[in-house]
Amino acid sequence: MFWRLFLSYLLLVVAAVTLVGAVIHLRAEDVFRELFHEVAVAVGVVVLVSACAAGVLASRLSRPLVELNVGARRLADGDLTHRIEVSGHHEVATLAGTINDMSGRLSTMLRLLEHDREQLRAILSGMVEGVIAIDDRRRVLFANDRAGKLLGFVPDQAVKQKICEAIPEQPFREIVETGLAAAEPHRAELDWKGPPARNLAIYISRFPGHGMPGAVIVVHDTTELRQVEKLRQDFVANVSHELKTPLAVIKSSVETLVDGAAEDPESREMFLTQVTREAERLEELIQDLLSLARIESGNLGLEPMTLALGQAITDCVERHQGRAEVKTLTMVEKPPADVRGEIFAWADPDALRQVMDNLVDNAIKYTPNGGRITVRWTQSPDTVSFEVEDTGVGIHADDLQRVFERFYRADKARSRTIGGTGLGLAIVKHLVQAMKGQVRASSTVGKGTTFRVTLPRAAD
């Protein structure tokens with residue numbers, strides 16, 4: 001910049017001097033020749049002085065422009081905190097101030113954009129759904145952590161990769177291609193093999209623009225929803241079956257009585273007994289259904305209090321002693337050997353009684369004649385526990401995980417023969433959980449089953 005200005009000024013001076021000399025030569029050639037040496041010296045002096053003046057002037061004009069250029073370069077490199085300070089003419093200083101104001105506004109806008117970007121990233125990262133954004137070349141632009149967990153890839157490593165490379169499973173790729181080819185947002189179900197196996201709902205929506213500039217893929221885990229739906233279907237089917245069986249017996253018994261069996265005292269008594277038994281079974285089933293519905297709705301209104309666990313177990317054993325004697329079963333209570341005095345549980349008395357009655361009732365039902373039922377209890381610093389152990393038929397390992405489901409029966413034929421609604425253990429599970437406790441089962445086929453209930457411990 002300096003040299004361009006300097007040479008420009010110097011050329012102007014030389015041109016002016018040459019023009020003046022040419023004019024003098026044309027008007028007074030004789031005089032010009034006589035004074036040639038003096039004119040040459042004067043021209044040299046003028047050129048030298050002009051060169052100095054041109055250097056000073058060029059320096060004064062170029063310095064602020066150089067400073068302005070250096071400052072603008074730093075701003076272009078991303079240093080938006082830099083302030084351009086120039087010396088010189090008012091116009092250049094005004095331009096520097098304008099650039100400084102522009103960089104300040106730009107810095108504020110970039111901070112806002114970065115804040116919005118981080119906020120959006122935090123929102124997307126905290127979503128229950130997985131979110132993946134891809135461009136027109138199927139490359140991953142963004143993926144949150146949830147998408148990585150659901151589809152089994154590392155989000156940070158997948159960025160800039162093609163979606164088919166990050167997630168190579170063919171069913172998923174087909175859904176993505178179908179969604180990108182569709183004019184409207186596309187939804188599809190995917191059975192993800194895992195591990196773990198999941199039911200996924202895939203939503204694909206293209207970005208607005210010409211052609212296919214990209215799309216956003218939303219992945220929703222519907223596994224729990226499918227399980228709940230299946231449980232609902234099973235529940236409806238089981239309830240229908242459980243209600244149908246006693247109703248069919250009652251209906252057939254009543255029809256037989258109407259057709260003339262009522263005239264025969266022995267037949268009348270037999271069929272009326274069947275009607276009574278099945279009606280009681282229906283009443284028991286309906287009561288259990290109502291109890292389970294009330295428990296699951298959270299409207300139990302439990303009132304936990306300090307209860308003597310040993311006394312509650314003794315009362316439960318006494319209530320069932322008569323039924324046990326009919327089957328020649330031995331019922332044994334085993335208090336803890338390392339604890340003197342009573343153990344206290346923090347529980348609702350009615351709920352605890354229902355839990356114990358259900359467990360002991362099950363033990364009596366599924367233990368063959370001459371068997372043994374043992375109820376033991378103990379405590380830890382924060383909890384108390386009791387176990388109901390029998391020497392019954394036992395439960396297979398595959399069935400053991402499902403015994404607390406509603407209407408689930410490990411041996412359906414035997415269960416229906418000995419009675420029961422199939423809801424007892426489901427009620428036990430929900431009541432224990434409502435009292436902030438846990439229930440577990442262990443079993444060996446042919447040797448017996450043990451149910452262990454753990455509840456919060458109350459102060460002595």
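1. Helix 11 and helix 12 are oblique to each other, because their axes cross at roughly 40 degrees. Angles under 35 degrees count as roughly parallel, over 145 as roughly antiparallel, 65 to 115 as roughly perpendicular, and the rest as oblique. Helix 11 spans residues 309-326, and helix 12 spans residues 349-365. Their axes come within 10 Å. An axis is a line fitted to C-alpha atoms, for helices over the stretch in contact, and angles run from 0 to 180 degrees between N-to-C directions. Helices (H or I, at least four residues) and strands (E, at least two) are DSSP runs, numbered from the N terminus.

2. A word on the model. This is a predicted model, where local features need pLDDT of at least 70, side-chain atom pairs count only at pLDDT 80 or more, and totals for chains, interfaces and linings use all residues. Residues are numbered from 1 along each chain as its sequence is written, and side-chain values use heavy atoms, with hydrogens and water left out.

3. Helix 11 passes helix 12 in a right-handed crossing. A crossing is left-handed if the near helix is turned anticlockwise from the far one by less than a right angle, and right-handed if clockwise. Helix 11 brings L309, A312, I313, C316, R319, H320, R323 and A324 to the contact. Helix 12 brings L352, R353, M356, D357, V360, D361, I364 and K365. Contact means heavy atoms within 4.5 Å. By class, this contact has nine nonpolar, one polar and six charged residues. Ala, Val, Leu, Ile, Met, Phe, Trp, Tyr, Cys and Pro count as nonpolar, Asp, Glu, Lys and Arg as charged, and the others, Gly among them, as polar.

4. Helix 12 also meets helix 15 (residues 424-434). Their axes come within 9 Å and cross at roughly 145 degrees. Helix 12 passes helix 15 in a left-handed crossing. From helix 12, the contact uses A351, Q354, V355, N358, L359 and N362. From helix 15, it uses G424, L425, I427, V428, L431 and V432. Which classes make up this contact? Eight residues are nonpolar, four are polar and none is charged.

5. Five strands form an open sheet in the order 2-1-5-4-3, with antiparallel pairing. Two strands pair if DSSP finds at least two bridges between them. The edges are strand 2 (140-143) and strand 3 (186-192), and each pairs on one side only. Neighbouring strands are turned by 20 degrees against each other on average, direction ignored. Helix 8 (residues 170-181) packs on this sheet. It touches strand 1, strand 3, strand 4 (198-206) and strand 5 (214-221), and its direction makes about 180 degrees with that of strand 3.

6. Look closely at strand 1 (residues 130-135). Strand 1 pairs with strand 2 in the antiparallel sense over three bridges. A133 stands opposite F142 in strand 2. R138 lies in the loop between strand 1 and strand 2. R138 has a positive phi of about 65 degrees, although it is not a glycine.

7. Another open sheet of five strands has the order 7-9-10-12-11, with mixed pairing. Its edges are strand 7 (330-334) and strand 11 (438-444), each pairing on one side only. Neighbouring strands are turned by 15 degrees against each other on average, direction ignored. Helix 11 packs on this sheet, touching strand 7, strand 9 and strand 10. The direction of helix 11 makes about 175 degrees with that of strand 7.

8. Finally, the aromatic rings. How many aromatic pairs does the structure hold? It holds one. The rings of F404 and F451 have centres 6.0 Å apart and planes at 85 degrees, so the pair is edge-to-face. Rings of Phe, Tyr and Trp (its six-membered ring) pair if their centres lie within 6.5 Å; planes under 30 degrees apart count as stacked, over 60 as edge-to-face and the rest as tilted. The pair links distant parts of the chain, 47 residues apart.
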